[in-house]
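Welcome, and please load the model in your viewer. We will go from stop to stop, selecting as we go.

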Number of protein chains: 2
Amino acid sequence: MFLPPTGEEIVCSVVGCERQMGVTDDWVFVLSFEIVARANDSRARAGVLHTKDGDVQTPVFMPVGTLGAVKTLSPADLDEAGAQIVLGNTYHLHIRPGEDVVAHFGGLSRFAAWNKPTLTDSGGFQVFSLAENRKITEEGVTFRSHLDGASLFLSPEKSIEIQTKLGSSVMMCLDECVSNPSEYEYVEKSLALTTRWALRCKQYKEQVNSKQLLFGIVQGGVEHDLRQRSAGELAEIGFDGYAIGGLSVGEPNEVMYEVVDRVMGHIPTDKAHYLMGVGTPTDIITAIELGVDMFDCVMPTRNARHGRLFTSTGALDIKLEEHKMSGEPIDKGCNCYTCRNFTRGYLRHLFKSGEMLAFRLNSIHNITYYLSLVRGAREAIINGTFRGYKNLFH
Amino acid sequence: MFLPPTGEEIVCSVVGCERQMGVTDDWVFVLSFEIVARANDSRARAGVLHTKDGDVQTPVFMPVGTLGAVKTLSPADLDEAGAQIVLGNTYHLHIRPGEDVVAHFGGLSRFAAWNKPTLTDSGGFQVFSLAENRKITEEGVTFRSHLDGASLFLSPEKSIEIQTKLGSSVMMCLDECVSNPSEYEYVEKSLALTTRWALRCKQYKEQVNSKQLLFGIVQGGVEHDLRQRSAGELAEIGFDGYAIGGLSVGEPNEVMYEVVDRVMGHIPTDKAHYLMGVGTPTDIITAIELGVDMFDCVMPTRNARHGRLFTSTGALDIKLEEHKMSGEPIDKGCNCYTCRNFTRGYLRHLFKSGEMLAFRLNSIHNITYYLSLVRGAREAIINGTFRGYKNLFH
């Protein structure tokens, strides 16, 4: 986030953007998100998210660094792959090493020697998927650590307090993640709680005067009227960006796309849109067309550790016998460290032998694939060729 | 190995070396090893090993890449750490992926995208330490794979055949590794067999006309007369280099040094000397003083994977609570990727969390430490300051 001298008028420095920033006497109001190009036949857009730790060009894919490291990859690997922003999991970092340790080192980005923007989730998703003996009240949620069974408590205020100590560029509001399928009545009650929690998150953030961005999370299951209600209530509170949570949890793809499409009509278009935990390359390209700007997913790294690799001509399983004698790279069109240097035959051997190097080389490739995919989408939007780009993935 | 036009006279291109190469009408006899500097108060020497895949400056430490990869490290990591030559284990590579696969890819160095010199052991050590149902005859040794129990057979000829397919720069003769302690009579019988096998290795190598170097291995347990006999018999056969095997298997350090010291008096001084599987930094510096040129050991990488790190001020255990809040690098004097970028606090967190990145960052540091240690010894020998250098490690 750039902070010009008080009282001076500034315009956005992004090429192609002529938007003017507002100025007040004692506080510069900098827009957190700017749109620099729009597709003319869909809601796809290219933008820039301004954070205290630097700018992020959108659409963007955020590799998942649960514990402050993207599994098997170093910051140099992520840099070379073109990563701009990495996600950290608040639940995991709270348990290990604890937010006070991270704060001692100057926040997550410096702790991990990443030195670029980060986004932290609220911890809510893991509380609802990993933790045990969960009990929800208006105040927050008590649960037991999946690691050592310790009793823990997370409230909207506590989540923001932890995320403030983690010092991420973007924080997320604590939400209740309902399982799918759930009864309409339960989803309705839940999203009302999520709205009240979101308001408390915003109030706490303002109270501690954090420069971190804060995103709200739209819930409401697969019920369109509830999604609309959630989106409207969050928009009324006002956030730096809006996420869609509770999708990619087992519902059919078409249902997910439909929910995303409807929600997009009810959240502010001039803010960043983040579809949490999604998904396959096709999911991501489809969601970009629907107006989503930000993505995270463990799929590229997790698949890599299972030998499943993404290529421009489809997925491949490096374990298969057919690769044993192959002198080809994973993907001839890929310029990652792995594809520049290693054959499928060698990568298969490493994987079959359980060598850790296999997991890293595979992860480098898959992360590069995802980042290139989304960077390509941005370029296509700017060049007015997104429709053609999207059709390559169907 | 450089091959000038037939009939032309050449001198060594190594700076400081004025040694002349021999020339015959139809075959250039290139010295496999040249000594470029000697300490004037010990047997320490700096040299160059010429191999078909390039030169190796000695003394040299060879990281162990059992299955065609130094555990957790990429070729780029090894390059940056200053590795010149990597060791591959014939036993492991024979079982997985098999020497025919490696040969298909142009040999171990190209298969692993290392593209620099490699050394393969004979497979003998693993047959005697890992394999089951072992049975030794004059012809060779039958055993069962530690992986799937398959019945396998290794003879001197078979070992060289496999190593020829692996295409290493330096091959090792098949030897019998006796356990320590063993009866004198058994050690005596065993070394006689090792000598007969060594002769068969050399004959087979000449028969297949391999350009790979071949080293003999001195055995004889801790019996000085048997070591002397073994050294003398191997010297009579004549090899490109001489290794000392069967040490660092539980005997006291002083006994090991004594054996090395005595053996050095009985192997050709103008050939490369390789102390197999040794050892700690102190072991290595001590052996360099005794006249050893080449080393390999799993200690730096194995210790790294257990969180034990080498530093200029002693070893440290990164798991300890005392590192939790430390903003220091592992070693202030170290310029490796890990020390340039990461704090002890972060490395401890990664290790305690079981992140694979921890194993790699630790391995980068420990391998850099070992390679720097031995490179420093070489420089000190050339500068005439080896005695002072050695004293830093006591």
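Start with helix 8 and helix 9 of chain B, which are oblique to each other (angles under 35 degrees count as roughly parallel, over 145 as roughly antiparallel, 65 to 115 as roughly perpendicular and the rest as oblique). This is a predicted model, in which local features need pLDDT of at least 70, side-chain atom pairs count only at pLDDT 80 or more, and totals for chains, interfaces and linings use all residues. Residues are numbered from 1 along each chain as its sequence is written, with chains lettered from A and ligands numbered from 1 in the order in which they are written.

Select residues 224–237 and 253–264 of chain B: the axes of these two helices come within 9 Å and cross at roughly 40 degrees. Axes are lines fitted to C-alpha atoms, for helices over the stretch in contact, and angles run from 0 to 180 degrees between N-to-C directions. Helices (H or I, at least four residues) and strands (E, at least two) are DSSP runs, numbered from the N terminus.

Now show B:His224, B:Arg227, B:Gln228 and B:Ala231 from helix 8 with B:Val259, B:Arg262 and B:Val263 from helix 9; these make the contact (C-beta atoms, placed from the backbone, within 7 Å).

Next, move to A:His323, in the loop between strand 18 (316–317) and helix 12 (337–341) of chain A. Is A:His323 buried or exposed? A:His323 has 22 C-beta neighbours inside 10 Å and so counts as buried (20 or more is buried, 12 or fewer exposed, and in between partly exposed).

Definitions and conventions. Contact = placed C-beta atoms within 7 Å.
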